[in-house]
Amino acid sequence: MGLAVADAYPKPLTSEIIETADYVIMMGCGDACPVVPGRHYLAWSVADPDGATIGVVRTTLGDITARITAPWPSYRTPD
């Protein structure tokens, strides 16, 4: 897919970042997420890629890609 991930790392969600979003999608990292009124929070259960095989990572990436490219109404349904 051409993603450059060599310097990638998880970034914490701060209140300042969440204030700029309409939707906040959490993917099971277990960290606390600031709650900002008026935002929509979704929790997606996806496999943790940390230490996983390339096959698991590709499956996880495919799962996330399918969710973000799905028609809009699917965002409103529970995980």
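This is a predicted model: local features need pLDDT of at least 70, side-chain atom pairs count only at pLDDT 80 or more; totals for chains, interfaces and linings use all residues.
**View 1. Overview of the protein chain, with its 2 helices and 2 strands.** Read from the N terminus, the elements of the protein chain follow the order α-β-β-α. The protein chain has 79 residues, of which buried residues make up 14%. Of the contacts between residues at least 6 apart in sequence, 20% join residues that are at least 24 apart. The accessible surface of the protein chain amounts to about 6200 Å², and carbon and sulfur atoms account for 61% of that surface.

**View 2. Thr-60 within helix 2, which covers residues 54–69.** When its neighbours within four places in sequence are left aside, Thr-60 is in contact with Val-46 and Ala-47.

**View 3. Thr-59, another residue of helix 2.** Thr-59 counts as exposed, since its relative accessibility is 57% and the exposed class begins over 50%. A polar atom of the Thr-59 side chain lies 3.0 Å from the backbone oxygen of Gly-55.

**View 4. The salt bridge between Arg-67 and Asp-63.** A search of the whole structure finds 1 salt bridge, and the closest N and O atoms of Arg-67 and Asp-63 are 3.1 Å apart. Side chains of opposite charge can pair when their charged atoms come close. Because Arg-67 and Asp-63 are 4 residues apart in helix 2, they are separated by about one helical turn. Asp-63 counts as partly exposed, with a relative accessibility of 27%.

**View 5. Thr-69 and the backbone oxygen of Thr-65.** Thr-69 belongs to helix 2, and at a relative accessibility of 59% this residue counts as exposed. The side chain of Thr-69 reaches the backbone oxygen of Thr-65 at a distance of 2.7 Å.

**View 6. Thr-14, in the segment before helix 1.** Helix 1 spans residues 15–18, and Thr-14 lies in the segment that precedes this helix. Thr-14 counts as partly exposed, because its relative accessibility is 28% and that class lies between the 20% and 50% cut-offs. Cys-33 is 19 residues from Thr-14 along the chain, and the C-alpha atoms of Thr-14 and Cys-33 are separated by 7.6 Å.

Notes:
Residues are numbered from 1 along each chain as its sequence is written. Side-chain values use heavy atoms; hydrogens and water are left out. Buried means under 20% relative accessible area, exposed over 50%, partly exposed in between (1.4 Å probe, protein chains only). Contact means heavy atoms within 4.5 Å. Accessible areas come from the Shrake-Rupley method with a 1.4 Å probe; for residues, only the protein chains shown count as cover. A salt bridge is a side-chain nitrogen of Lys or Arg within 4 Å of a carboxyl oxygen of Asp or Glu. A polar contact is a pair of N or O atoms within 3.5 Å; within protein, one must be able to donate a hydrogen and the other to accept it, and residues adjacent in sequence count only if both atoms are side-chain atoms.
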